[in-house]
Amino acid sequence: MDDPLWRPRIFDAHIHMTSRTTDDYERMSAAGVRAVVEPAFCLGQPRTNPASFVDYFDALVGWEPFRAIQFGIRHHAALGLDPKESNDPRCHEVIDLLPRYLEKDGVVAVGEIGYESMTPAEDEAFAAQLALAVAYGLPALVHTPQCDRVRGTRRSLAVVDESAIDPGRVVIDNLTEVSAAVVRDSGCWMGFSIYPEATMSPERMVDLLQMYGTERILISSAADWGRSDPLLTVVTAKAMLAAGFGEDDVDRVFWRNPAEFYGQSGRLDLSAVAESSAAVESLTAVESSAVAGSRAVPDAPAAAAGAV
Ligand SMILES: [Zn+2]
């Protein structure tokens, strides 16, 4: 019998916290979010040199985990050169910078990589970064384009197929009903990002889960600074329960699946937040130590990075 006080524990498999406020961390924590993976992506304003990525990557493995754990949320990163910026020759050198970051403990995947406009430069960056994923034993998070989704998805699967990566270590993300059907039998994981408008809604996601089951599926909010909502994972979990899925199904989709996928890196560490009760305790402890240690903020990201 389902427990009326039960609350899902949520692992958001793809969210850009760098573009969210601390209030969001607070709301996410209160709603049951206990872990996130933040992939590197295009920051909007084009970056003009590789050094700009160095600071960004450092923030994703240092500052953001520190900011997250103050609210009982474990933060890991996926790093890569995103498809859009791989078209800018000023950014190509970033691929040479990646190896030193892909060795870091808090990095659990290469991403987001893949296609946006399906250019030759994107072909090259995508294949090179899948090779890096293989070399560093990491899974890969593959973005699929907003336009021409089915062709972009098929082409992504072909590149995965030509690479040496095991499809079970690849998630093809941003899927819709049509592109999900293309990925279904590929051996790759299916990734869905729930948005307030377009792409995928909680209701449509529940229909897809009824059709495909709960295996090899990652559901995220993919929240960034566009119209997005970091709590849509929680809304989707509740929609699953309302549609007749059990608590175990919800836990599988929103916790055990992302833990299994990113766990393939061998670096996922959820020990501080794995159990809801433990998470509440650690939240309280972290909150009091964060208050006590607030003067130490400038040194904290390095300390946080060293701890993961
Ligand atoms: Zn993204």
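The questions and answers below concern the predicted model shown above.

User: How many helices and strands are there in the chain?

Analyst: This is a predicted model, and the assignment is read from its atoms. The chain has 308 residues, of which 45% count as buried. Its secondary structure comprises 12 helices and eight strands.

User: What percentage of the contacts with a separation of 6 or more is accounted for by residues 24 or more positions apart?

Analyst: A contact here requires C-beta atoms within 7 Å. Counting contacts in the chain with a separation of 6 or more, the share from residues 24 or more positions apart is 75%.

User: Are α2 and α4 roughly parallel or roughly antiparallel?

Analyst: The axes of α2 (residues 50-61) and α4 come within 10 Å and cross at roughly 25°. The crossing is right-handed. On the α2 side the contact is made by P50, F53, V54 and F57, and on the α4 side by V94, L97 and Y101. By class, these are seven nonpolar, no polar and no charged residues. Because angles under 35 degrees count as roughly parallel, α2 and α4 are roughly parallel.

User: Which classes of residue make up the contact of α4 with α5?

Analyst: The axes of α4 (residues 94-102) and α5 (residues 120-135) come within 11 Å and cross at roughly 25°, which means that α4 is roughly parallel to α5. The contact involves I95, L98, P99 and L102 of α4, with A125, A128, Q129 and L132 of α5. By class, these residues are seven nonpolar, one polar and no charged.

User: Are α9 and α10 roughly parallel or roughly antiparallel?

Analyst: The axes of α9 (residues 232-242) and α10 come within 9 Å and cross at roughly 155°. The contact is made by T233, A237, M240 and L241 of α9 and D249, V250 and F254 of α10, and these divide into five nonpolar, one polar and one charged. Because angles over 145 degrees count as roughly antiparallel, α9 and α10 are roughly antiparallel.

User: Where is the peptide bond from G111 to E112, and is it cis or trans?

Analyst: Most peptide bonds are trans. E112 is found in strand β4 (residues 107-114). The bond from G111 to E112 has omega near -10° and is cis.

User: What is the phi of M118, and what is that of D148?

Analyst: Most residues other than glycine have a negative phi. M118 lies in the loop between β4 and α5, and D148 is found in the loop between β5 and α6. M118 counts as partly exposed because it has 17 C-beta neighbours inside 10 Å, and D148 is partly exposed with 14. Phi is positive in each case, about 55° for M118 and near 55° for D148.

User: Is P145 buried or exposed?

Analyst: P145 is placed in the loop between β5 (140-143) and α6 (149-162). Leaving aside neighbours within four places in sequence, P145 is in contact with Y115, E116, M118 and G152; the C-alpha atoms of P145 and E116 are 4.6 Å apart, although 29 residues separate them along the chain. A residue counts as buried with 20 or more other C-beta atoms within 10 Å. Because P145 has 22 such neighbours, it is buried.

User: Is A158 buried or exposed?

Analyst: A158 is found in helix α6. Its C-alpha atom is 9.9 Å from that of S186, 28 residues away in sequence. The limit for an exposed residue is 12 or fewer C-beta neighbours. Because A158 has 10 inside 10 Å, it counts as exposed.

Notes: Residues numbered from 1 in each chain as written. Predicted model: local features only at pLDDT ≥ 70, side-chain atom pairs only at ≥ 80, totals over all residues. Helix = DSSP H or I, 4+ residues; strand = E, 2+ residues; numbered from the N terminus. Contact = placed C-beta atoms within 7 Å. Axes fitted to C-alpha atoms, helices over the stretch in contact; angles between N-to-C directions. Parallel < 35°, antiparallel > 145°, perpendicular 65-115°, else oblique. Nonpolar A, V, L, I, M, F, W, Y, C, P; charged D, E, K, R; others polar. Left-handed = near helix turned anticlockwise from the far one by under 90°.
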